[in-house]
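Here are a few friendly notes to read alongside the model. Keep the 3D view open and look up each residue as you go.

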Amino acid sequence: VWNMIDNVILISEGRIIFEGPRFDMEAFFANVGFPTPKRFNQAEHYLSVVSSVGMKKKKLTVEEWAKAFKEWQEETDQDLGDPLADDIEVCFPIEITSVTISRTEVHKSVLVKKAWVFIELVKRYMIDLFFNPGTLWVRFVMYTMLALFIGLLFFGLGDRTSYTSIQSRTSLLFYSVSFFIFMVVAVLPFRVHDKAVVRKEVFNGYYHPITHHIASTLVSLLGVLILALMITVIIVPMAKLNNGMLFFLDYFLSLYCAEALAQLVALLINNYIIGIVGLAGLFGFFMLLMGFMLVPSEFPIWLRWAYNVPFHTYTWRTFMWLEFSGPDNVYDGIEFPTGMDVLKAYEIDQVDFRLDMIVLFCYGLIIHIISMTTISVRHGFFTRKVGQEWS
């Protein structure tokens with residue numbers, strides 16, 4: 001670590017003992033008569049010789065150290081009296097004959113730095129995704145076990161044509177939408193914990209908080225992709241549901257919306273327990289309003305608008321459309337002889353599932369825009385506050 005430091009200021013009792021490039025320190029201390037012994041840590045040696053304890057050799061007082069540094073600086077400084085040259089020497093210890101930096105070069109260097117920081121953030125969250133059990137693997141194991149149990153419980157359901165098989169399919173799709181999305185609350189403790197690290201790094205000017213948000217979002221999409229694929233690969237063939245590829249896409253978009261909402265809640269809440277309770281409560285409302293327990297026409301008039309608020313609505317009715325639409329879906333019962341009759345009963349026979357998937361994508365995008373707007377407002381307020389304190 002010591003060899004990575006460029007410039008050093010060593011202060012004792014409020015007096016400057018040394019100020020300048022790190023690799024000049026040994027020359028100064030050797031000049032004063034305190035060279036670093038062989039196989040001894042330089043940083044520890046410099047601190048020990050200027051402190052008041054721990055040295056057998058006669059020590060200098062703070063005033064003598066300050067005077068010695070001033071004299072050494074005058075002897076070695078060829079630009080005495082030129083403060084600008086002194087500052088350049090401290091920052092750039094190697095001799096510079098000519099420095100000409102165009103605005104284009106500065107702009108390019110800034111872009112390169114931002115790109116490098118973004119890539120490093122993506123790497124960090126990629127490592128966290130695969131090596132932090134709570135970020136992905138706890139949910140992966142839990143989702144796998146539940147998906148396997150669902151597959152075994154509803155094994156071969158798609159081959160049945162009885163009235164009860166219709167009820168079983170709608171219940172299976174409702175549970176799949178509700179519970180798997182609900183379990184996104186498990187990521188909140190890690191999201192909230194990450195805020196403290198991000199706050200420090202943003203305060204130190206490493207990156208803009210929106211850069212962090214975009215990087216973490218991209219990596220979370222990979223986790224969502226893995227979970228959605230695993231659920232689809234297990235449930236669809238075991239329960240013999242229809243349209244596996246579109247089932248996977250619908251699941252991916254719904255989990256994408258849920259992750260975006262979890263990110264927004266983590267951004268607004270500092271206590272992850274409160275965040276979990278709040279997000280779980282919100283998902284509970286969404287389950288009630290998605291149109292399974294009560295069809296839209298039976299909602300109270302003043303509440304019918306709420307049917308379109310949950311993203312669960314678009315996920316569930318897309319699942320229903322994929323499962324029951326088409327001429328091949330014929331059943332034994334008189335009440336629901338075809339799959340379209342099932343869709344009519346739930347008032348989703350006129351649904352365009354492609355449009356619903358677009359709505360899901362836009363839903364998650366809008367949540368991310370709200371998050372980034374919140375981040376920008378907070379960061380701007382924080383920057384102005386810090387600027388006022390320093391001024």
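This is a predicted model: local features need pLDDT of at least 70, side-chain atom pairs count only at pLDDT 80 or more; totals for chains, interfaces and linings use all residues.

**Notes on salt bridges and helix packing**

1. Let's start with E323 and R169, whose side chains meet in a salt bridge, with 2.8 Å from N to O. This pair links distant parts of the chain: E323 belongs to helix α12 (residues 311–324), R169 belongs to helix α7 (residues 163–182), and the two are 154 residues apart.

2. The bond in question is a salt bridge, and the closest N and O atoms of D356 and R317 are 2.7 Å apart. Both D356 and R317 are buried.

3. Now look at D352 and R354, which form a salt bridge with the closest N and O atoms 3.9 Å apart. How does each partner count in terms of accessibility? D352 has 38% relative accessibility, so D352 counts as partly exposed. R354 has 54%, and therefore counts as exposed, since the cut-off for exposed is over 50%.

4. How many salt bridges does the structure hold? There are eight. Some residues are joined in a network of salt bridges, namely R139, R191 and E259.

5. Next, a pair of helices. Two packed helices are described by the angle between their axes and by the distance between those axes. For helix α9 (residues 209–239) and helix α10 (residues 244–268), the axes come within 8 Å and cross at roughly 140°. In the contact of α9 with α10, the residues divide into 14 nonpolar, seven polar and one charged.

6. Finally, find K123 in helix α5 (residues 103–131). Its relative accessibility is 45%, so K123 counts as partly exposed. K123 and S216 are 93 residues apart in sequence, yet their C-alpha atoms are 9.8 Å apart in space.

Note on methods. Residues are numbered from 1 along each chain as its sequence is written. Side-chain values use heavy atoms; hydrogens and water are left out. A salt bridge is a side-chain nitrogen of Lys or Arg within 4 Å of a carboxyl oxygen of Asp or Glu. Helices (H or I, at least four residues) and strands (E, at least two) are DSSP runs, numbered from the N terminus. Buried means under 20% relative accessible area, exposed over 50%, partly exposed in between (1.4 Å probe, protein chains only). Axes are lines fitted to C-alpha atoms, for helices over the stretch in contact, and angles run from 0 to 180 degrees between N-to-C directions. Ala, Val, Leu, Ile, Met, Phe, Trp, Tyr, Cys and Pro count as nonpolar, Asp, Glu, Lys and Arg as charged, and the others, Gly among them, as polar.
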